[in-house]
Amino acid sequence: MRIPKELEKLMFFGIFLCLDAFLYVFTLLPLRVFLALFRFITLPCYGLRCHRGLTASDRRLLQPAQVCDILKGVILVICYFMMHYVDYSMMYHLIRGQSVIKLYIIYNMLEVADRLFSSFGQDILDALYWTATEPKERKRAHIGVIPHFFMAVLYVFLHAILIMVQATTLNVAFNSHNKSLLTIMMSNNFVEIKGSVFKKFEKNNLFQMSNSDIKERFTNYVLLLIVCLRNMEQFSWNPDHLWVLFPDVCMVVASEIAVDIVKHAFITKFNDITADVYSEYRASLAFDLVSSRQKNAYTDYSDSVSRRMGFIPLPLAVLLIRVVTSSIKVQGVLAYVCVVLFYCGLISLKVLNSIVLLGKSCQYVKEAKMEEKLFNPVLTATPGKPAGKQQSMFKSTQGISTDENESTSVTNQPVHQKENTPSLLVTSNSDQFLTTPDGEEKDISQDSSELKHRSSKKDLLEIDRFTICGNRID
C-alpha cells in the first residue's frame, strides 16, 4: 500500500526533471547560441592582439560547451524547416482512413520504434559533440564532424516524424465517433502489466523501468498538448470545445497512472523489494542534478537526463515548435508583444523550476548521505594506463571502511571474496560518481540476509555502468 505514494513521489520529481531539460531548449539554449555566435564574431577582433599571453584553452575561438550549443541550435533550425515538408493534414486523413485494428497495430509499432530511437539517439548526439570538441592532438578514429552532423540531423528529423505520427494517431482516436480506437489504445496500457509483472526484476531493472515510465508519462503529456492545440485550431479556438476534450484527456492520464501503480506494486511484491527503493532512485536522480551543477561537471544536465531516462528533448521540441507555429498566427504589434511576454514567462518558469529542483535535490542527497561523493576524486581510465591498474585502484577504494556513517554507500562497500575475480570492464566515471545509494537496511539479523542485500547493492551498481553508455530500455 506504500508503493503508490512512493512511486508518485518519484514520478513527480522525474517529470519536473524532464520539464527542466525540455524548457532549456526553448529558453536558455537560444540565449546561449546567441552569446556563442557573438563571441565567435567579436573575439577575433581583439583576441589576436593579445595572443601570446593566453593559454591553449583561451586561444580557442569557442569553448567546447559553446560549440555544443551552436550544434544543437543549428540542428533545431534545420529540422524545423525540414518539418515544413511534412503535411500534417494529409497524414491525419491517411491515418483516419485505416481500420481500427490496423491503427492499433501501428500504434504498438510506433511505441517500439520510439524506444529504439531513444536508445541510440543520445549516442549519435554524443558522438557529434565529442567529434566537434575533441583535442586536436588526439588521433582521429572517426568519420569526421560533417558526417556525424548529418547523422544527427537525420536522426532528429526521423524521430520528430515518428512522434508526429504518434500524436496524429492519438488525435484520430480522440475524434472518432464511437471512441473505440481510444478504448483499445487505453487497454494497450494494461497489456503492459501482463508483459512485466510476472518477470523477475532486480533493483537495477526496476530503476530502468521507472526511468522509462517517467519518460513515457512526460511524452504523453506533450502529445496530449499537441492534440489539444490541433483540435482547438480546427474549432477556431472555441473554449467550449476544450471541455469536450477534457474527459478523454483525463481518461488517458488516469489509465497511465493506474497501470504504473498496479505494475510497480506487483513487481515489488513478487520480487520482495521494499518501497524504500523508490527514495533511493529519487536520490540517484537528485545526485545527477547536483553533480551536473558543479564547477567541474563532466556533462550538461540535459544530456544526463537523456542518458538516465532515455528522454531526448530535441525531436519533441522540433515537433512542438512546428505545431505551435502552424496553429497560432502572429500578426500585429500586440501579438509580437504577447510572444515576448510569453517567452519571458517561460524563462521565469525555467529558472524557478531549476531553483526548486536544485534545493530538493540537495535535500535528497543529504538524506541519502551522498554529499561526500560529490567531492571525492573520480577515477577514470586514461588511454596511457592499462585497465588493470585502474581496477585495482578502484577496488582499493572500495575496501576503505567508513565508520563515520552507519550506512555505507555502494562505492565504499567491501567486495565479497567470491566477487574479486578480474573484470573485463574498464572502470567508468559512473561507477563511483553516479551510483545509487542503498541507504540504511532495516532488520538485518542474519548473515544470509546481509549477503542478500549486499548482492542487491552490487546489482544496483551496474545501473550506471550501462545506462550512462546507452540507456538500455527494457
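**Entry 1: a term, then Val 253.** I count two residues as in contact when heavy atoms of theirs lie within 4.5 Å. The model I am looking at is predicted. With that in hand I looked up Val 253, and setting aside neighbours within four places in sequence, I found it in contact with Tyr 221 and Leu 224. Val 253 sits in helix H10. Is Val 253 buried, partly exposed or exposed? Its relative accessible area is 22%, and buried means under 20%, so I put Val 253 down as partly exposed. I also checked Val 253 against Arg 217: they are 36 residues apart in sequence, and their C-alpha atoms are 8.4 Å apart.

**Entry 2: Ala 265.** I stayed in helix H10, residues 239-270, where Ala 265 lies. Ala 265 is partly exposed, at a relative accessible area of 25%. How far is Ala 265 from Met 1, C-alpha to C-alpha? I read 7.9 Å, although the two are 264 residues apart along the chain.

**Entry 3: the whole chain.** I stepped back and counted 17 helices and zero strands. The chain has 474 residues, and 47% of them count as buried. I then took the contacts between residues at least 6 apart in sequence: 83% of these join residues at least 24 apart.

Entry 4: A reminder to myself: in soluble globular proteins, nonpolar side chains tend to be buried together. Here the largest nonpolar core has 103 residues, and Phe 22, Ile 75 and Phe 174 touch the most other members. Helix H7 gives the most to this core, with 16 residues. I followed up Ile 75. Leaving out residues up to four places away in sequence, Ile 75 touches Leu 125, Leu 128, Phe 149, Ala 152, Val 153 and Val 156.

**Entry 5: cysteines.** How many disulfides does the chain have? The count comes to zero.

Entry 6: Next I turned to the second largest pocket, which holds about 1,000 Å³ of space. It is lined by 25 residues, and the closest to its centre are Phe 26, Leu 320, Val 324, Phe 342 and Leu 346. Which helices each supply at least two residues of this lining? I listed H1 (3-26), H9 (203-234), H13 (313-327) and H14 (333-367). H14 gives the most, with seven residues. By class, the lining of this pocket splits into 23 nonpolar residues, one polar and one charged.

**Entry 7: a cavity.** My search of the whole structure turned up seven cavities of 30 Å³ or more. I picked the second largest cavity, with a volume of about 70 Å³. Its lining is Asp 114, Ser 118, His 159, Ile 163, Lys 215, Thr 219, Gly 310, Phe 311, Ile 312 and Leu 316. The elements that give two or more residues to that lining are helix H6 (100-133), helix H7 (145-175) and H9. What classes do the lining residues of this cavity fall into? I noted four nonpolar, four polar and two charged.

Definitions and conventions: Residues numbered from 1 in each chain as written. Predicted model: local features only at pLDDT ≥ 70, side-chain atom pairs only at ≥ 80, totals over all residues. Heavy atoms only, no water. 1 Å grid on protein atoms, 1.4 Å probe; cavity = no way out; pocket = protein on both sides within 12 Å on 5 of 7 lines; lining within 4 Å. Points joined across faces, edges and corners; volume = space filled by probe spheres on them. Helix = DSSP H or I, 4+ residues; strand = E, 2+ residues; numbered from the N terminus. Nonpolar A, V, L, I, M, F, W, Y, C, P; charged D, E, K, R; others polar. Disulfide = S-S within 2.5 Å. Core = buried A, V, L, I, M, F, W, Y, C linked by side-chain atoms within 4.5 Å. Buried < 20%, exposed > 50% of the residue type's maximum accessible area, 1.4 Å probe, protein only.
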